[in-house]
Amino acid sequence: METVKLNNGVEMPLVGFGLFQMLEKDKCERTILDAMEVGYRSFDTAATYLNEESIGNAITKSGLKRKDFFITTKLWSSSTGYIETHKAFNRSLDQLQTDYVDLYLIHQPLGDVYGSWRAMEELYEKGKIRAIGVSNFYLDRLVDLMIHNDIKPAINQVEMHPYCQQIEMQRYLQNDGVQLQAWSPLASGKENLFTNKVLASIGEKYNKTVAQVTLRWLIQRNVVIIPRSSNKQRMAENFNIFDFELTPAEMDLIKQLDTNKSIFFDHRDPDIIKWLGKLEQINDL
């Protein structure tokens, strides 16, 4: 598996496996074990996904060593602040059945993110977290966090797919060494992504699916991806994207699909912020 080096030197797989909306315990464990058989070693969860325990169980059942995996989990808004972050992190460790996580993210740019960041810096310094970062932060909030703290985020995990390409964000963050990671890299199939004529035409050339073309486009932009599927064949397809390379002209064609807008929700919409602030479980999205 190809990796990227984060700004603290930690190596992270370019392709991981997302676990959003995988609630049923037994099914989730089976899905994770299937993904491990395919070759995935990086898994992305969150406290509000309610499946951290399933990852811990699957790692135990796999017979592989903890160090073979890269595990990401996230802090929800209702647990922000210095003290609450320590409590939430320890709960996640218990659920994951591990004594450290590879990457810990502030899930939303809401609540006392500065108190949380101080706690995360401490946990990082103690070796409980290998890298710390954020999710869903716009540039202004992210830059403010960076200039008022000692440790820069290693990751900003954001919505990123052919219709929302985050070009300006990536350009800016490259200068500060903050790695972009794409959630919903396949746009959850919205806006007819899987029948898009541009992506389908490129796929025909390489005998690849639209999903494979899309994921290849992202990793060629040096973006970490976390596609998800409960279908083992699709898991394998999403993983099998390292045997072809898009040309600059094809990359430019895909660039033209950008609308520069979210197809899910806008983190600068006050009504969305109120709604997110009341959510206790992100699986309700």
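On a 1 Å grid over the protein atoms alone, a pocket is an open set of points with protein on both sides within 12 Å along at least five of seven lines, and its lining residues are those with an atom within 4 Å of a point. The structure described here is a predicted model, in which local features need pLDDT of at least 70 and side-chain atom pairs count only at pLDDT 80 or more, while totals for chains, interfaces and linings use all residues. Residues are numbered from 1 along each chain as its sequence is written, and side-chain values use heavy atoms, with hydrogens and water left out.

The largest pocket is lined by 43 residues, and those that lie nearest its centre are Phe20, Gln21, Ser184, Ser188 and Arg228. The space in this largest pocket is about 930 Å³, where a volume is the space filled by probe spheres set on grid points that are joined across faces, edges and corners. Helix 1 (25-38), helix 8 (210-220) and helix 9 (232-239) each supply at least two residues of the lining, and the largest share, four residues, comes from helix 9; helices (H or I, at least four residues) and strands (E, at least two) are DSSP runs, numbered from the N terminus. The lining of the largest pocket comprises 19 nonpolar, 17 polar and seven charged residues, with Ala, Val, Leu, Ile, Met, Phe, Trp, Tyr, Cys and Pro counted as nonpolar, Asp, Glu, Lys and Arg as charged, and the others, Gly among them, as polar.

The second largest pocket holds about 420 Å³ of space and is lined by 19 residues, of which Tyr138, Cys164, Gln166, Met169 and Asn260 lie nearest its centre. Strand 8 (155-159) and helix 6 (167-174) each supply at least two residues of the lining of the second largest pocket, and helix 6 gives the largest share, three residues. By class, this second lining has nine nonpolar, five polar and five charged residues.

Eight strands form an open sheet with parallel pairing, in the order 3-4-5-6-7-8-9-10. Strand 3 (17-18) and strand 10 (224-225) stand at the edges, each with a single partner strand, so one side of each is left without a neighbour in the sheet. Two strands are taken to pair if DSSP finds at least two bridges between them. Strand 4 (residues 42-44) and strand 5 (residues 70-75) run parallel and are joined by three bridges, with phenylalanine 43 partnered by isoleucine 71 of strand 5. Strand 5 also pairs with strand 6 in the parallel sense, over four bridges, and there the partner of threonine 73 is tyrosine 104 in strand 6. Six of the six residues of strand 6 are buried (under 20% relative accessible area, with exposed meaning over 50% and partly exposed in between, for a 1.4 Å probe and protein chains only), so strand 6 is largely enclosed by the rest of the structure.

Helix 2 (residues 52-62) has Glu52, Ser54, Ile55, Gly56, Asn57, Ala58 and Ile59 as its buried residues, and what covers them includes helix 1, strand 4, strand 5 and helix 3. Serine 92, in helix 3 (residues 82-96), counts as buried at 2% relative accessibility. Its side chain makes a polar contact of 2.7 Å with the side chain of glutamate 52, a polar contact being a pair of N or O atoms within 3.5 Å, of which, within protein, one must be able to donate a hydrogen and the other to accept it, and residues adjacent in sequence count only if both atoms are side-chain atoms. Methionine 36, in helix 1, is buried with a relative accessible area of 6%; apart from neighbours within four places in sequence, methionine 36 is in contact (heavy atoms within 4.5 Å) with Arg41, Phe43, Ala58, Ile59, Ser62 and Phe69. Glutamine 108, in the loop between strand 6 (101-106) and helix 4 (113-125), is buried at 1% relative accessibility, and its side chain makes a polar contact with that of histidine 267 (2.7 Å).

Most residues other than glycine have a negative phi. Leucine 50, however, has a positive phi of about 60° although it is not a glycine; leucine 50 is found in the loop between strand 4 and helix 2 and is exposed, with a relative accessible area of 53%. Glutamate 191 likewise has a positive phi, near 55°, and is found in the loop between strand 9 (179-183) and helix 7 (197-206), where it is exposed at 52%.

How values were computed. On a 1 Å grid over the protein atoms alone, a cavity is a set of points where a 1.4 Å probe fits but cannot get out, and a pocket is an open set with protein on both sides within 12 Å along at least five of seven lines; lining residues have an atom within 4 Å of a point.
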